[in-house]
Amino acid sequence: MTGPPPIEVRGLRKVFRQTTTGQSVVAIDRLDLAIAPREVVAIVGQTGCGKSTFFDLMIGLEAPSEGLIHIGDKSPHADFDLFRGRIATVFQQDRLLPWRSALDNARLPLELIGLPEKEQRERALTWLNRLGLGQFTNAYPHELSGGMRQRVAIARAFAVEPDILLADEAFGHLDEVTAAELRDTFLKLARECGSTAILITHQLEEAIGVGDRIVVFGKSAKLLADIHVADWPKSKYRLLREAIQSTLQSNRPDPRLTQAANARSSPRKRGPGKKGSTSGR
Ligand SMILES: Nc1ncnc2c1ncn2[C@@H]1O[C@H](COP(=O)(O)OP(=O)(O)O)[C@@H](O)[C@H]1O
Ligand SMILES: [Mg+2]
């Protein structure tokens with residue numbers, strides 16, 4: 001297995017023309033971003049700053065107005081068919097089909113990519129079991145709680161064994177305990193499967209809990225901060241939260257975040273050390 005390909009975003013721009021007013025909206029303005037295979041990234045930003053549009057471009061539903069998104073060396077929009085079953089998304093709404101059981105919902109993407117029915121069922125059952133829904137495989141969405149329905153949606157995403165998992169505000173509408181539980185399960189499984197995972201969230205606690213990286217979007221998806229959580233000791237999480245909050249409010253990078261980024265990059269600027277400098281990882 002080669003693992004998920006890297007994601008490269010360069011000079012990405014997306015402009016929508018609003019049908020009612022005829023005005024242009026710049027949803028994304030010259031975004032540059034690189035995401036390594038298996039990285040777990042949280043994206044935070046205020047409502048309307050272009051987060052969901054970024055996901056629409058990632059899954060190839062929309063084409064860039066300018067610039068590019070490459071996954072490996074392919075474009076999710078231009079090479080749409082190549083990405084079938086390789087990117088999976090969990091949204092805020094579970095988007096389950098009410099007339100299909102949990103099992104039939106979880107196996108739906110596998111049906112769409114044309115797997116034999118036996119394999120569809122086996123894989124969907126495995127994932128429903130892993131998400132604690134072994135007793136509910138024949139239940140219909142209306143018979144399940146919000147948290148359970150979201151578990152079915154997560155099982156459906158994992159069942160395709162995707163390279164890339166995208167979660168758009170997938171947990172924020174649930175009660176805190178359920179949300180934290182589901183987010184932890186999602187992240188644990190993503191790491192186990194070796195998928196790259198990108199989570200959009202408006203909750204800073206959730207972003208900080210995610211792990212590797214927090215990317216802060218300003219208006220028109222301007223990259224305000226790119227935070228490597230490992231640079232921050234747990235004792236400074238409160239400071240981190242405050243710095244992100246002030247970045248979001250002022251639409252400008254808080255100096256405390258810039259300082260941390262500089263401290264991180266300066267030893268590297270001095271060049272490679274004596275030991276392990278050619279190992280590359
Ligand atoms: N299909 C569309 N047509 C026109 N405008 C859109 C469309 N999708 C998004 N927008 C606009 O682009 C901006 C970014 O939206 P969105 O990506 O949904 O933001 P977020 O997910 O960060 O809340 C908003 O101003 C929104 O109104
Ligand atoms: Mg959104």
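Guide: Ala, Val, Leu, Ile, Met, Phe, Trp, Tyr, Cys and Pro count as nonpolar, Asp, Glu, Lys and Arg as charged, and the others, Gly among them, as polar. Residues are numbered from 1 along each chain as written, with chains lettered from A and ligands numbered from 1 in written order. This is a predicted model: local features need pLDDT of at least 70, side-chain atom pairs need 80 or more, and totals for chains, interfaces and linings use all residues.

Visitor: What classes make up the shell around ligand 1?

Guide: A residue belongs there if its C-beta atom, placed from the backbone, lies within 6 Å. The shell has seven polar, four nonpolar and one charged residues. Among them are Phe16, Gln18, Val25, Lys51 and Ser52. Strand E2 (24–35) and helix H1 (51–58) each give two or more residues. H1 gives the largest share, three residues. Helices (H or I, at least four residues) and strands (E, at least two) are DSSP runs, numbered from the N terminus.

Visitor: What is the strand order in the open sheet?

Guide: Strands pair if DSSP finds at least two bridges between them. Six strands run E5-E6-E7-E3-E8-E9, with mixed pairing. E5 (87–90) and E9 (223–228) are the edges; each has a single partner strand, so one side of each lacks a neighbour in the sheet. The twist averages 15° from one strand to the next.

Visitor: How many bridges join E3 to E7?

Guide: Four; E3 (residues 40–45) and E7 (residues 196–200) run parallel. Ala42 stands opposite Leu199 in E7.

Visitor: Which strands does helix H8 touch?

Guide: Contact means C-beta atoms, placed from the backbone, within 7 Å. H8 (residues 237–250) packs on the sheet and touches E3, E8 and E9.

Key:
Axes are lines fitted to C-alpha atoms, for helices over the stretch in contact, and angles run from 0 to 180 degrees between N-to-C directions. Two residues are in contact if their C-beta atoms, placed from the backbone, lie within 7 Å.
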